Structure formats: structure tokens, C-alpha cells
Amino acid sequence: WFVLPESPRWLIVTSRTKEAELLIRKAAERNGKQLTDKSLGFDIELKPKDSVPNAPVDQKAAFKELFNPHLLKTTIVLFISWPIVTLGYYGITFGMASLSDDLFMDFAMSSLIEIPSYVLVLLLMDIIGRKPIFSGSLLLTGISCIIVGTMDKNGDYANFRRVLAMTGKFFASGTLAIVYVYTAELYPTAIRSTAIGSCSFMAKVGGIISPYVGLYLPGVTMPSIPFYLMGGIAIFGGFLSLLLPESLGSSLPETMEDVDEMKKNGKPFWKCMNPCSGRSQSHIARSYRKLSRSCHPDNDC
């Protein structure tokens, strides 16, 4: 709390521009960079009233803004999707108890499979985008779970059933990895932390239900029922998430107008981007110029 600095972007949005400038200059100094007022976008005079120390943020107003007409659909979809993500992730983990007779090996493998999942998400998120990974992972998690539910754990395809269950856990882990980044990029700076906190709160619903689905339900019904349930819900979440905009290739939104711009000009679902191109860097630079209200033609990135 006392070691990490505040976000310069948030400081500017809350009119604490002087503190933001000090943080940016300090970061540049540590990296051996020389900054000028023009490069910071502060080539216009900042009035004393532009920087209000410890400007208060109305948390109640911030929460209400989640249901602003610009964000209403996004908020509803995410409030439904987050519990689905956690139900799939933790539900499959608990479901390993009824996957086969080798409980410890199944649990160990389901934990290790998360590592390549996180690496793959890290490599692909700036190429194919957040939306295809999020939606596709939910759909593949659901398909894997439903197929697992159709097989007998002691049948001829028992090993294949275990592989499919691990595949479901692989994609469920990828969904959990991308959902935090994706959610943060869909909301303006002033309410971003409120949005993530609210979605995380909703996710606890899936976390609370998952032990009952993965451990209790097989004992009172059939062992396949939890996988059918988790699979069906995950597929529903995968199709529902198609209603969300793509954030890759757009500037991090600062205002509701930026949110509308992202929806209008977002990357097409099937299009890939080159993460080594200068487009992402240009969006960052343009965003900081806009924040300081001094983007000029000769400074265009």
C-alpha cells in the first residue's frame, strides 16, 4: 500500500495532474530517459485549480456508472460471465474427485496443466485479441465437459476421458487468466477499479457453488451430471460473451465517449494483429496526450 505508486492515469482523471507529472518524471529518471514538457503533453499552462490534492472519489456514484447506458450491456454480460468462469475453473478442479480412481494424480495433472494455459494466453492475447480467447475458451471448456459427461470413468475410453477433463481445465484456466485484463480494458479509468471489484464479487457466486457441483452433486445424482451442468453453463457464457466489444487495438478508455469509440472501431473477431507493430505503442502515446488535453498535429504518434 505504501510502496506502490498511484496510477498516473487515474491521478490525471481525478485532476491531480501535478502528482501524475512527478510520478512520470520519476519513472523516466529511473529508466534513464529525458522528458520535456512537450513530450509529457504539458506544453499548455496548468492552472492551480487543475490539480486538487486528494480529490475525493464518490464510490456510490462510481458503482452507479457501471449501469450507465454506455456500459449497461457490458456490465450485465460480465456480471453473468464471471460466476461462470469461476464455476468452470473450480468446478472442474473439484470434479477431479470423481474423474477416476487415481485422485492424487488427477489433481496434480489438473494443477500442472494451468502453466501452459497461462503461457499460451500471454502469447496470444496481443495477437488474436481478448474476446476470441475469452469466448473461445469458455466454449471449449463447455464442449470438453459435456463430452466427459458422456463417458464412463471405468470404460474403454477412460484415459481419453481424463485427457478431455484436463483439456477443459486447460481452457478454464485460460479464461480465468484473461478475464481480469479484459474487464479492466472495457471500463473508463474513473470506475475501472470499481468494475473489477464488482465483477470479482459476482465471481464468488460461482466459487461458492462449485464445491456443491463438483463434490456433492455426484453423490446424489450421477457422476456425469456435474460435467453436463458445467459444460452447458460454460457454452452459454461463451456465446453470451460474444456481445462484448474487443479491446485490443483501442486506447484504454478514459471517458464514456472512448467506450463508444472502442465499440464502434474495435478489432474484428477473426482478425489478428502484429504485436510488434507500432500500433499499440501509438495508442498508448495518444491516450496520454489526450489525458493532458494537449495533443497537437506535430506531436501525432
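**View 1. The whole chain, read from end to end.** Following the sequence, you get the pattern α-α-α-α-α-α-α-α-α-α-α-α-α. That comes to 13 helices and zero strands, where helices (H or I, at least four residues) and strands (E, at least two) are DSSP runs, numbered from the N terminus. Keep in mind that this is a predicted model, in which local features need pLDDT of at least 70, side-chain atom pairs count only at pLDDT 80 or more, and totals for chains, interfaces and linings use all residues. Residues are numbered from 1 along each chain as its sequence is written, and side-chain values use heavy atoms, with hydrogens and water left out.

Of the 301 residues in the protein, 45% are buried; buried means under 20% relative accessible area, exposed over 50%, and partly exposed in between (1.4 Å probe, protein chains only). Take the contacts between residues at least 6 apart in sequence, and 79% of them join residues at least 24 apart; contact here means heavy atoms within 4.5 Å.

**View 2. Helix α5 against helix α11.** Here α5 (residues 72–95) and α11 (residues 225–240) have axes that come within 9 Å and cross at roughly 150°. The axes are lines fitted to C-alpha atoms, for helices over the stretch in contact, and angles run from 0 to 180 degrees between N-to-C directions. That angle is why α5 and α11 count as roughly antiparallel to each other; the cut-offs are under 35 degrees for roughly parallel, over 145 for roughly antiparallel, 65 to 115 for roughly perpendicular, and oblique for the rest. Their crossing is left-handed, as a crossing is when the near helix is turned anticlockwise from the far one by less than a right angle, with clockwise making it right-handed.

On the α5 side, look for Val77, Ile80, Ser81, Ile84, Leu87, Gly91, Ile92 and Gly95; they meet Phe227, Met230, Ile233, Ala234, Phe236, Gly237 and Leu240 of α11. Sorted by class, this contact has 11 nonpolar, four polar and no charged residues. Ala, Val, Leu, Ile, Met, Phe, Trp, Tyr, Cys and Pro count as nonpolar, Asp, Glu, Lys and Arg as charged, and the others, Gly among them, as polar.

**View 3. Zooming in on Phe227.** Phe227 sits in helix α11 and counts as buried, with 2% relative accessibility. Leaving aside residues up to four places away in sequence, Phe227 touches Gly95, Ser98, Leu99, Cys145, Ile146, Val148, Gly149 and Arg161. Val213 is 14 residues away along the chain, and its C-alpha atom is 8.8 Å from that of Phe227.

View 4. With α5, the axes come within 7 Å and cross at roughly 35°. This crossing of α5 and α10 is right-handed. The contact of α5 with α10 brings in 15 nonpolar, nine polar and no charged residues.

Now for the other partner: α9 (residues 158–185) packs on α10 (residues 189–220) at an angle of about 140°, with the axes 9 Å apart. The two helices, α9 and α10, are therefore oblique to each other, and α9 passes α10 in a right-handed crossing. Tyr180, Thr183 and Ala184 of α9 make the contact with Arg192, Ile196, Cys199 and Ser200 of α10. By class, that gives four nonpolar, two polar and one charged residues.

View 5. Met222 is in the loop between α10 and α11, and is partly exposed at a relative accessible area of 48%. Gly149 is 73 residues from Met222 in sequence, but their C-alpha atoms are 9.5 Å apart. Glu254, found in the loop between α11 and α12 (256–265), counts as buried at 8% relative accessibility. Between Glu254 and Arg9 there are 8.6 Å, C-alpha to C-alpha, although they are 245 residues apart in sequence.
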